[in-house]
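Good morning, colleagues. Please look at the sequence and the model on the screen while I take you through a few regions.

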Amino acid sequence: MTPKEMYYEKRGQILVKNLESRHFEAYYCANKEEALKKALELIPEGASVGWGGTMTATAMGLQNAIHAGPYRAMDRDRCATTEEREKLQREMFFADAFITGANALSLDGQMVNIDGTGNRVAPIVYGPGMVIVVAGMNKVEDSLDAAMNRARTVAAPMNKQRFPNQTPCGVTGNCADCKSAESICNQILITRNCRPAGRIKFILIGEDLGF
Ligand code: SF4
């Protein structure tokens, strides 16, 4: 193991315990291949499965595996029109499982997610029977304040580079706490505890993944 892998594993074990103390389910996987296997184990055959934008799940090949497996994939990127996409995003409230990434985690077991339209944070809060969060250990900070800072000043500006419109972070790479109509920072969700117990399941991955 490299020093970084050892560091991630040690912090991963602490985080698993802290997440469990908040009634989340949590698993640590050394790499994205193990993480993919774990995610597919958690989803029952025949389940309807939706997801928000998540680079981590894409790097794992999770969406492709859902399409290829015995599941009903709810893939907004395969919708022909904006109307169909909107409709599918609403239908995801009734999905058996919803897959998402995390913008940041605190070592004490809390998650921060920022959203532009709410289609990702809303199903984390309520709706789908199960939520599976996939997160590289690069997302883990020592405190909730540091996690919030990461989400706002690293994850969001980096994410914004994918979209061609103009916001301060799109131009400079730095967050200016904007009120732009094009802002991707319109909802900020802290998930601090899980009720019902076990509904939200974390798969922590000992690699640098996503933003
Ligand atoms: S500049 Fe605006 S869109 Fe960019 S990260 Fe900051 S609040 Fe979000």
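How many residues of strand β6 (residues 110-115) are buried? Six of its six residues are, and the strand is mostly covered. By buried I mean that 20 or more other C-beta atoms lie within 10 Å of a residue's own; exposed means 12 or fewer, partly exposed lies in between, and C-beta atoms are placed from the backbone. Strands (E, at least two residues) and helices (H or I, at least four) are DSSP runs, numbered from the N terminus.

Before I continue, two remarks on the basis: this is a predicted model, in which local features need pLDDT of at least 70 and side-chain atom pairs count only at pLDDT 80 or more, while totals for chains, interfaces and linings use all residues. Residues are numbered from 1 along each chain as its sequence is written.

Returning to β6, Gln110, Val112 and Ile114 point one way, and Met111, Asn113 and Asp115 point the other way. Strands pair here if DSSP finds at least two bridges between them. β6 runs antiparallel to β5 (residues 104-106), with three bridges, and serine 106 stands opposite glutamine 110. The two strands form a hairpin with three residues between them, and glycine 109 in the turn has a positive phi of about 100°. β6 is also antiparallel to β9 (residues 187-191), through five bridges; there, methionine 111 has threonine 191 as its bridge partner.

I turn now to helix α2 (residues 32-42). Lys32, Ala35, Leu36 and Ala39 are buried. These residues lie on the same side of α2 because they cover an arc of only 105° around the axis, taken from the directions from the helix axis to the C-beta atoms. On the other side, Glu33 and Glu41 are exposed. The buried residues pack against β1 (25-29), α3 (55-60), α4 (62-68), β7 (130-136) and β10 (200-205).

Isoleucine 203 is in contact (C-beta atoms, placed from the backbone, within 7 Å) with residues including Ala35, Ala39 and Val133, leaving aside neighbours within four places in sequence.

Finally, some backbone exceptions. Most residues other than glycine have a negative phi, and most peptide bonds are trans. The peptide bond from arginine 195 to proline 196, however, is cis, with omega near 0°; proline 196 sits in the loop between β9 and β10. Histidine 23 has a positive phi of about 75° and lies in the loop between α1 (3-21) and β1.

Definitions and conventions. Two residues are in contact if their C-beta atoms, placed from the backbone, lie within 7 Å.
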